[in-house]
Protein chains: 2
Amino acid sequence: MRTYNEYCAIAQALDVVGERWSLLIVRELLLQGPSRYTDLRYGLPGIATNLLADRLRELEEAGIVRREEAPPPVATTLFDLTDRGRDLEPVLKALGRWGSPLVQRPIDDEEFRSHWLALPLEAHLVDRSPEKRPVTIEVWTGQHPVLVETRDGGIHVRPGKDEHADAVITATPSLVLGLMLNHLDLATAKKRGLKFSGDLAALRRVQPSR
Amino acid sequence: MRTYNEYCAIAQALDVVGERWSLLIVRELLLQGPSRYTDLRYGLPGIATNLLADRLRELEEAGIVRREEAPPPVATTLFDLTDRGRDLEPVLKALGRWGSPLVQRPIDDEEFRSHWLALPLEAHLVDRSPEKRPVTIEVWTGQHPVLVETRDGGIHVRPGKDEHADAVITATPSLVLGLMLNHLDLATAKKRGLKFSGDLAALRRVQPSR
DNA sequence: CAGCATCCGCTTTGATACTG
DNA sequence: CAGTATCAAAGCGGATGCTG
């Protein structure tokens, strides 16, 4: 293992998770839960397959990732975070908060996976009326829809769709984030191609104040 | 610039500060303030000089580091963090907290710089009697002493020595941390080679409860 | 197909030497 | 002091092949 060889907690943390791709693998497992090798590849566009195998082995040796053989009928290898791995969530949250201003730039053909929406949405949306019945918003940004739900006074995002969602939003990732994080008003977002249907109150309930 | 090319704040943050050495350079500037090239090399044992020059240029282009020509009599180039660079402090704090269990392992000849003590000490020490007059503890772990001071109800660590310090501790980094973070009692620490002189109450005042 | 391992060309890193 | 120049070694990315 390449190491900075310093008696410093930051340096030693970077010894373990500072290599290319390592923290993004942890991001995938945090967002997706137990995942197959193939799912990880899908969530990490551009990773070389040998590197994914290498990193998974290193993360396993470091006690961050656990490998489990799923019993039939799944009958495949699943990778999951250990508790120690899940403890990296504050690091990823801090990185995401610091990085969010960077994402605003015009996109030049960046890769996107809809489950990545969970990070900014869970970080910035709120439930302004936790005493009312829960609401669900279905969001389409590509192939796979995600559901944004109020739960326990907070916001939860998960892959899936719901026939009875209170509202449905379809648009590019940047339009979805612009609207939901309240940087863009609905009329402007619609003018730029966003589709909204359903109950506007559901959206208002979760949007942060400007 | 090598990039993950993802529409994700974490990935874009790592595009900017995820390369080898980058976050450690930020650590040095956070701990030391405006620094000369030579000071940075001292605080980053093992870095190749061309890499330090490369990284400083990249961090400057990313708006994280600022380069200033100090006027005479200093008459040298100083590197400092921008506000945007200082915003990385929560990321480093989170990494340090996650990494701190790793540091406990037996040390095999790791590099150490006394100003690195500021991170764990400011993170874990407390001022249990902020109403009393401030106290100062002088800590020697190598060539350069640091001063641990109570200030504004918290703890501040800075390079330097003080003839009138309330207490003086001399030991290896791991013994100093063991004692001050209250993982090790004074008798044990002394048995292992730690030297303590002065007012024990000053130490007790800042130690966290076990 | 899932989960790798191998090979190859390219880039990045690290060690050392040298310069204005 | 603050870098640049050079070069070998390691790491990375892409393509492909292998195995259950």
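**Close-up views of a two-chain predicted model**

**View 1. The contact between chain A and chain B.** In this predicted model, the contact takes 52 residues from chain A and 52 residues from chain B, where contact means heavy atoms within 4.5 Å. Between them the two chains bury about 4700 Å², of which 67% lies on carbon and sulfur atoms; buried area is the accessible area (1.4 Å probe) that two parts lose on being put together, summed over both. Residues are numbered from 1 along each chain as its sequence is written, while chains are lettered from A and ligands numbered from 1 in the order in which they are written. Local features need pLDDT of at least 70, side-chain atom pairs count only at pLDDT 80 or more, and totals for chains, interfaces and linings use all residues, with side-chain values resting on heavy atoms and leaving out hydrogens and water.

View 2. Two salt bridges are counted between chain A and chain B, a salt bridge being a side-chain nitrogen of Lys or Arg within 4 Å of a carboxyl oxygen of Asp or Glu. In a salt bridge, the side chain of B:R27 meets that of A:E6 at 2.7 Å, N to O.

**View 3. The side of chain A that touches chain B.** The elements of chain A that give two or more residues to this side are α1 (9-17), α2 (22-32), α6 (89-103) and α8 (173-180), where helices (H or I, at least four residues) and strands (E, at least two) are DSSP runs, numbered from the N terminus. The most is given by α6(A), with 12 residues. The residues of this side divide into 32 nonpolar, nine polar and 11 charged, with Ala, Val, Leu, Ile, Met, Phe, Trp, Tyr, Cys and Pro counted as nonpolar, Asp, Glu, Lys and Arg as charged, and the others, Gly among them, as polar.

**View 4. The open sheet of chain B.** Five strands of chain B form an open sheet in the order β5-β4-β3-β6-β7, with mixed pairing; two strands pair if DSSP finds at least two bridges between them. At the edges stand β5 (154-159) and β7 (195-198), each with a single partner strand, so one side of each has no neighbour in the sheet. Strands β3 (residues 136-140) and β4 (residues 145-151) of chain B run antiparallel and are joined by five bridges, and B:E138 has B:L147 in β4(B) as its bridge partner.

**View 5. The hairpin of β4(B) and β5(B).** These two strands run antiparallel and are joined by six bridges, with B:T150 standing opposite B:I155 in β5(B). Two residues lie between the strands of this hairpin, and B:D152 in the turn has a positive phi of about 55°.
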